[in-house]
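Me: I would like to learn how to read the features of a model like this one. Please take them one at a time.

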Amino acid sequence: MELELRHLRAICAIADAGSLSKAAVRLGVSQPALTMLLARVEDLVGGRLFVRDRSGARPTDLGETALRQARLLLADLDAFAADLATRPAGPRSPRIATAHLACLSKIVDALEKHFPAGDPTVQVEPSTLVLCNLLERSHADLAIICQLDNQELPLPADIPRRTIIPKFPFFIALSHDHPLASRPEIALEDLADERWICPPGADDGSLASLRAMCRKAGFTPKIRFHAPSGGASDLIAAGHAVRLVEPGSRSQACAIRPLKGDPSTGRLLLAWRRQAFPEEAIRALCHAIGAAYTTHAEETATYARWWRSHPEAHPWTA
């Protein structure tokens, strides 16, 4: 017996539903049949994919890995079928994938001006790994990617990339009532006793980066919450946790402060499929996105002070 698409759809359904009984209803099969199918899949992969108890079914570490790969493969298949079924007779709109950026609306404005006749589609993903996969698998024509320090991008050598913003820092979000919120900047070591929200895209390096910079500051971060990018603001506002955020983030509910000495930085890149865009178009698009990012940075009070004092972070014009 070999793994089949129905096996992948089944484990995804179990993860999405949170229990075998609910997943069985969604799939239109009996629970005993789904239980038997799961046992066969676990036998094939050589380990348990879910922990099952009275509260439902939760993925194991092996299950999380299997689910990530299964979702990518199923997305490939669905996109393949949809592309064949809906392929227009004329040129199609550019497909753009982008990191979850605080300046997203301004970047979309820049994209729409750059592609006035193309009306591009935009897919937002917090994970660098997913963005690279979308580009590599031809599900996106162009990707705007945040690359952390010392992070290797899993992109083939034939996919070109260009730096838009050569450096940006990460700030910290915490409750307005937090004792440290009154400071203009916060030393990382002063956050040693805090509970943290896991950064989005943990599977591709952001969690490792958080742990590495905290180690340098002399402590191990206590990861207590996992939430999607942009989520869990209420937890921060109530004082339950802190979180690394983009420097241009704006929030009425939370205080956002720079970290002293910029212990973690990244850069903003554009990567694209060579056959989709000429070099002149990419150069113009980089300038447009860089200008949009700069406008957002200068309009965000906390970030503006950092931005103006770090000219090395400004977009390259070459």
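What follows is a dialogue on cores, helices, charges and cysteines.

Me: What should I know before I start?

Reply: This is a predicted model: local features need pLDDT of at least 70, side-chain atom pairs count only at pLDDT 80 or more, and totals for chains, interfaces and linings use all residues. Residues are numbered from 1 along each chain as its sequence is written, and side-chain values use heavy atoms, with hydrogens and water left out.

Me: How many residues does the largest nonpolar core have, and which have the most contacts inside it?

Reply: In soluble globular proteins, nonpolar side chains tend to be buried together. A nonpolar core is a set of buried Ala, Val, Leu, Ile, Met, Phe, Trp, Tyr and Cys residues joined through side-chain atoms within 4.5 Å. Buried means under 20% relative accessible area, exposed means over 50%, and partly exposed is in between (1.4 Å probe, protein chains only). Here the largest core has 72 residues. Leu 142, Ile 172, Trp 196 and Leu 270 have the most contacts inside it. Helix α9 gives this core its largest share, seven residues. There is also a second, separate core of 20 residues, with Ala 24, Val 41, Phe 50 and Leu 67 among them.

Me: What is Ile 172 in contact with, beyond its neighbours within four places in sequence?

Reply: Contact means heavy atoms within 4.5 Å. The partners of Ile 172 include Ile 186, Leu 191 and Trp 196. Val 242, Arg 243, Leu 244 and Val 245 are also among them.

Me: Which residues of helix α6 are buried?

Reply: Helices (H or I, at least four residues) and strands (E, at least two) are DSSP runs, numbered from the N terminus. Helix α6 covers residues 128-136. Its buried residues are Thr 128, Leu 131, Cys 132, Asn 133, Leu 134 and Leu 135.

Me: What caps the N-terminal end of α6, and what comes just after the helix?

Reply: Ser 127 is the cap. One of its side-chain oxygens lies 3.2 Å from the backbone nitrogen of Leu 129. Just after α6, Ser 138 takes a positive phi of about 65°.

Me: Where is Arg 273, and what does it touch?

Reply: Arg 273 sits in the loop between β12 (265-272) and α9 (279-299). Not counting residues up to four places away in sequence, Arg 273 touches Leu 135, Glu 136, Ser 138, Ala 140, Asp 141 and Ile 159.

Me: What is the nearest side chain of opposite charge to Arg 273?

Reply: Lys and Arg count as positive and Asp and Glu as negative; His and the chain ends are not counted. A salt bridge is a side-chain nitrogen of Lys or Arg within 4 Å of a carboxyl oxygen of Asp or Glu. Arg 273 is buried yet has no salt bridge. The nearest opposite charge is Asp 141, 5.7 Å away.

Me: How many salt bridges does the whole structure hold?

Reply: A search finds ten. One of them pairs Glu 312 with Lys 167, with the closest N and O atoms 3.5 Å apart. Glu 312 lies in the segment after α10 (301-308) and Lys 167 in strand β6 (residues 161-169), so the pair ties together parts that are 145 residues apart in sequence. Glu 312 is partly exposed at 40% relative accessible area, and Lys 167 is partly exposed at 24%.

Notes:
A polar contact is a pair of N or O atoms within 3.5 Å; within protein, one must be able to donate a hydrogen and the other to accept it, and residues adjacent in sequence count only if both atoms are side-chain atoms.
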